Amino acid sequence: IVLRARGAATHFAPGSRKHRPLQQTALPNLFLAGDYVKGLEHGAEGLSQERALVSGFVAANMAMGVMEESGWSAREPGSLR
C-alpha cells in the first residue's frame, strides 16, 4: 500500500536556502530542528530523515549546554531529589 498526502513533504524551491533558519535562535533557550535548518554540518542540504534526526540531537545538545551553563546538573536516573 502506498499512501500519498498532499503537502506531507518539505519542498525546497531554488534559492530558498538563504531564507532557511539556523538552529540557534535569538532566544537563548530555543533551538530548531528539522531537515530545513541551515548551518548543520551533516549530509545533503535537502530532504533527509537522517538530517532531521541529527538536527534533533544537535538541538538537544545545544539545550543541554545552555542548561549546564546556568548551573543545572543532570541527576542520576530515578532520583527525585
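This is a predicted model: local features need pLDDT of at least 70, side-chain atom pairs count only at pLDDT 80 or more; totals for chains, interfaces and linings use all residues.

Q: How many helices and strands does the chain have?
A: One helix and zero strands. Those are DSSP runs numbered from the N terminus: helices are H or I with at least four residues, strands are E with at least two.

Q: What does α1 span?
A: Helix α1 covers residues 49-69, so 21 residues by the DSSP runs. From first C-alpha to last, α1 reaches 31 Å, close to the 30 Å expected at 1.5 Å a residue (the expected span is 1.5 Å times one less than the number of residues).

Q: Which residues of α1 are buried?
A: R51, S55 and A59. Buried means under 20% relative accessible area, exposed over 50%, and partly exposed in between, with a 1.4 Å probe and protein chains only.

Q: Why are those on the same side of α1?
A: Because they cover an arc of only 75° around the axis, the arc being that of the directions from the helix axis to the C-beta atoms. In general, an α-helix has 3.6 residues a turn, so residues three or four places apart point the same way.

Q: And which residues are exposed on the other side?
A: Q49, F57, N61 and E68.

Q: Switching to A33: where does it sit, and what is it in contact with?
A: A33 lies in the segment before α1 and is partly exposed, at a relative accessible area of 34%. Leaving aside neighbours within four places in sequence, A33 is in contact with Q23, S55, G56 and A59, where contact means heavy atoms within 4.5 Å. A33 and R51 are 18 residues apart in sequence and 9.2 Å apart in space, C-alpha to C-alpha.

Q: What about G56, buried or partly exposed?
A: G56 is partly exposed, with a relative accessible area of 28%, and it lies in helix α1. The C-alpha atoms of G56 and F31 are separated by 9.1 Å, though the two are 25 residues apart along the chain.

Q: And L40, buried or exposed?
A: L40 counts as buried, at 6% relative accessibility. L40 is also in the segment before α1.

Q: Last one: what share of the chain is buried?
A: Buried residues make up 16% of the 81 residues.

Notes
Residues are numbered from 1 along each chain as its sequence is written. Side-chain values use heavy atoms; hydrogens and water are left out.
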